[in-house]
Amino acid sequence: MRTPIIAGNWKMNKTVKEALELVKDIKKQERNSNVEAVLCVPFTDLMEVKKEIDGTDIKLGAQNMHWEDSGAYTGEISPLMLKEIDIDYVIIGHSERRQYFNETDETVNKKAKAALKYGINPIICVGETLEERESGKEKEIVERQVLKAIEGIEEKLLKNIVIAYEPIWAIGTGKTASSKDANDIISFIREIIGNKYGKDISEKIRIQYGGSVKPANINEIMNESDIDGALVGGASLKAKDFLKLINF
Ligand code: PEP
């Protein structure tokens, strides 16, 4: 059985003060302990949020990282630095990073391997553009992104990765893929991993859906057979909404 995982991607939102207010509000309410709740926060919030969630079952994640341990990479943050803060997850290859910061399948692969080396679980994002979907290429695109992202990862570590299927046209747009369409692609992802690495591994990997997930559609999404959770942007910025998602 795969534990459902609901991860909030705060993106470039929340100063330290705002972050602490939000986390305190989340902590105040009862949470479904059968669901793994993850907060993927800006680098500047990590340390303080870590202290605030200490002693709870809330997990902490970053939104990006470099693949090298250290070096002349001005402005970057390394897996070694993140490891010291003792974070659990890191989002890798979010479509906004692919679109605005030249993230490629190759850098996603390097980052995923580097995260696993330090025991940080990568949440690897994949998904097609509207144009690619309209020309019927979504499976081809997603297959390439998934297989490239996990290429060369030691098989025993594959179970630690989380994949987030996020059709780009559904992110921050209010448009959600139908839960059936999302499940169809997510089953396909499980199938291609199964074909390459075996069913034993593919059945252990958690695959989330992301794209305008909100309290009004979480139940429908989580009712699908292959969807193991959600990566949530906008609706993770308010405690009330995020709690409704965790407690779906
Ligand atoms: C995301 O940031 O990964 C995302 C899915 O955003 P939103 O929920 O706002 O569409």
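**Entry 1: strand 2**

I started at strand 2, where Glu36, Val38 and Cys40 point one way, Ala37 and Leu39 point the other way, and all are buried. My cut-offs for burial: a residue is buried if 20 or more other C-beta atoms lie within 10 Å of its own, exposed if 12 or fewer, and partly exposed in between, with C-beta atoms placed from the backbone. Helices (H or I, at least four residues) and strands (E, at least two) are DSSP runs, numbered from the N terminus.

I noted that this is a predicted model, so local features need pLDDT of at least 70 and side-chain atom pairs count only at pLDDT 80 or more, while totals for chains, interfaces and linings use all residues. Residues are numbered from 1 along each chain as its sequence is written.

**Entry 2: confidence**

I looked up pLDDT, the predictor's confidence in each residue, from 0 to 100. The chain has a mean pLDDT of 96, and 100% of its residues reach 70 or more. For the complex, the predictor gives an ipTM of 0.97 and a pTM of 0.97.

**Entry 3: the barrel**

How do the eight strands close, and in what order? I found a barrel in the order 1-2-3-4-5-6-7-8, with parallel pairing. Two strands pair if DSSP finds at least two bridges between them. Neighbouring strands of this sheet are turned by 25° against each other on average, direction ignored. For angles, axes are lines fitted to C-alpha atoms, for helices over the stretch in contact, and values run from 0 to 180 degrees between N-to-C directions.

I then checked the partners of strand 2. Strand 1 runs parallel to strand 2 and is joined to it by five bridges. Ala7 has Val38 of strand 2 as its bridge partner. On the strand 3 side (residues 59-62), three bridges join the parallel pair. There, Leu39 has Leu60 as its bridge partner.

Helix 5 (residues 105-117) packs on the sheet and touches strand 4 and strand 5 (121-126). The direction of helix 5 makes about 160° with that of strand 5. For contacts I used C-beta atoms, placed from the backbone, that lie within 7 Å.

**Entry 4: active site annotation**

Which residues does the UniProt annotation "active site" cover? The record, an unreviewed entry, lists His94 and Glu166. UniProt positions are in the numbering used here, feature names are shortened, and annotations may be inferred rather than shown by experiment. The two are spread over 73 residues of sequence, yet they cluster in space, with a largest C-alpha distance of 8.6 Å.

I placed His94 in the loop between strand 4 (89-92) and helix 4 (95-100). His94 is buried because 27 other C-beta atoms lie within 10 Å. Leaving aside neighbours within four places in sequence, His94 is in contact with Gln63 and Cys125.

Glu166 sits in the loop between strand 6 (162-165) and helix 8 (179-197). Glu166 has 28 C-beta neighbours inside 10 Å, so I counted Glu166 as buried. Beyond four places in sequence, the contacts of Glu166 include Ser95, Cys125, Gly210 and Leu231.

**Entry 5: binding site annotation**

The UniProt "binding site" annotation (unreviewed entry) covers Asn9, Trp10, Lys11, Gly172, Ser212, Gly233 and Gly234. These span 226 residues in sequence, but no two of their C-alpha atoms are more than 13.9 Å apart, so they gather at one spot.

I found Asn9 in strand 1. Is Asn9 buried or exposed? With 26 C-beta neighbours inside 10 Å, Asn9 is buried. Not counting residues up to four places away in sequence, Asn9 touches several residues, among them Cys40, Gln63, Ile91 and Gly233.

Gly172 lies in the loop between strand 6 and helix 8. Gly172 is partly exposed, with 13 other C-beta atoms within 10 Å. Leaving aside neighbours within four places in sequence, Gly172 is in contact with Gly233 and Gly234.

**Entry 6: helix 11**

In helix 11 (residues 239-246), I found Phe242, Leu245 and Ile246 buried. Seen down the axis, the buried residues of helix 11 fall within an arc of 100°, so they line one face of the helix. That arc is of the directions from the helix axis to the C-beta atoms. The buried residues of helix 11 pack against strand 1 (5-9), helix 1 (16-28), strand 2, helix 10 (218-222) and strand 8 (229-232).

Terms used. Contact = placed C-beta atoms within 7 Å.
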